[in-house]
Amino acid sequence: MAGLAHLGVGFAAKRAVPEVPLGLLLPCSMALDILSIGLTFAGIESHGNVPYSHGLLGSLIISAVVFPIALLISRNIRIGIVLSLVVFSHWILDFMTWPMKAVYADAEGVPVFFDNSLKIGIGLHSNIVAALIVEFLFLGAGVAVYIVTLEKIRKNNNSSNMQLTCRGKL
Ligand SMILES: [Zn+2]
C-alpha cells in the first residue's frame, strides 16, 4: 500500500513536463526507495534504518545530483528542476506519513542527517484510515492530472495536424 502516494506525484508531474515519459517520472518518484533497496543489498542500510536514502540531508543531496544529470541529458532547465523536485517529493511524503505505525509497530520517523540522527515525521500512517486516505487521495489526484494532461496533448496534436493538412491543401 505505502508507495501509491509517491506514484501519484509521478503521474501528476506529467503536467509540468509532458515531454518526459511516465516510465521515467514514476521511477523518479520512487528513486529513494530504489536507492534504499540497492543500499540494503550492499549492507549499508537495513529495514527500518535508511539514513542515506531517506535522510533529509541524503535526500537533498540525491535530488541535487538529479538536477545536473537531467539537465545534461534533456538540455532543458524545467525538466531538470521538475525531475529533481519529483525525487525530493518522496522525502516530503515520507515526512508526512512516517512513522508508519499502522504498517510496522516499531516504525520511526525519517532521519534528519545520517546514522543515529534525530528522526522526524507527522505520522499520518500511524492510523490505517488516515494512511488509506492519503495513499488513494494522492494516487487518484495524480492519475486525474495525468489523464487531463494526456487529453490536452492529444488535442494539441490533433489541431497541429489539422493546421498542417489545411496548409497542404492551400
Ligand atoms: Zn521511501
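Student: This is a predicted model. Which residues of α4 meet α5?
Tutor: Take the α5 side of the contact to begin with. It consists of I77, I79, G80, I81, L83, S84, V87, F88 and W91. Their partners in α4 are L56, S59, L60, I62, S63, A64, V66, F67, A70, L71 and S74.

Student: How many residues of the contact of α4 with α5 are nonpolar?
Tutor: Sort the contact residues by class. No charged residue takes part, and 5 are polar. The nonpolar count is 15.

Student: How are α4 and α5 oriented to each other?
Tutor: Start with the axes, which come within 8 Å. They cross at roughly 155 degrees. Angles over 145 degrees count as roughly antiparallel. The pair is therefore roughly antiparallel.

Student: Now α1 and α2. What is their relative orientation?
Tutor: Helix α1 covers residues 4–12. Its axis and that of α2 are 8 Å apart, at an angle of about 140 degrees. Roughly antiparallel would need an angle over 145 degrees. The two helices are therefore oblique.

Student: Which residues of α2 meet α1?
Tutor: From α1, the contact uses H6, L7, V9 and G10. The contact residues divide into 5 nonpolar, 3 polar and no charged. On the α2 side they are L25, L26, C28 and S29.

Student: At what angle do the axes of α2 and α5 cross?
Tutor: These axes come within 7 Å. Roughly parallel would need an angle under 35 degrees. The pair is oblique, with a crossing of roughly 40 degrees.

Student: Which residues of α5 make the contact with α2?
Tutor: On the α2 side are L25, C28 and S29. The contact holds 5 nonpolar and 3 polar residues, and no charged ones. From α5 come L83, V86, V87, S89 and H90.

Student: Turn to α3. Why do its buried residues lie on the same side?
Tutor: Helix α3 spans residues 31–41, and its buried residues are A31, L32, L35 and S36. Look at their directions around the axis. They share a side because they cover an arc of only 135 degrees.

Student: Zoom out. What pattern does the chain follow along the sequence?
Tutor: Count the elements: 6 helices and 2 strands. Then read them in order. The pattern is α-α-α-α-α-β-β-α.

Student: What percentage of the 170 residues is buried?
Tutor: The C-alpha atoms fill a box of roughly 70 × 40 × 25 Å. Burial needs 20 or more other C-beta atoms within 10 Å. The buried share of the chain is 35%.

Definitions and conventions
Residues are numbered from 1 along each chain as its sequence is written. This is a predicted model: local features need pLDDT of at least 70, side-chain atom pairs count only at pLDDT 80 or more; totals for chains, interfaces and linings use all residues. A residue is buried if 20 or more other C-beta atoms lie within 10 Å of its own, exposed if 12 or fewer, and partly exposed in between; C-beta atoms are placed from the backbone. Helices (H or I, at least four residues) and strands (E, at least two) are DSSP runs, numbered from the N terminus. The arc is that of the directions from the helix axis to the C-beta atoms. Axes are lines fitted to C-alpha atoms, for helices over the stretch in contact, and angles run from 0 to 180 degrees between N-to-C directions. Angles under 35 degrees count as roughly parallel, over 145 as roughly antiparallel, 65 to 115 as roughly perpendicular and the rest as oblique. Two residues are in contact if their C-beta atoms, placed from the backbone, lie within 7 Å. Ala, Val, Leu, Ile, Met, Phe, Trp, Tyr, Cys and Pro count as nonpolar, Asp, Glu, Lys and Arg as charged, and the others, Gly among them, as polar.
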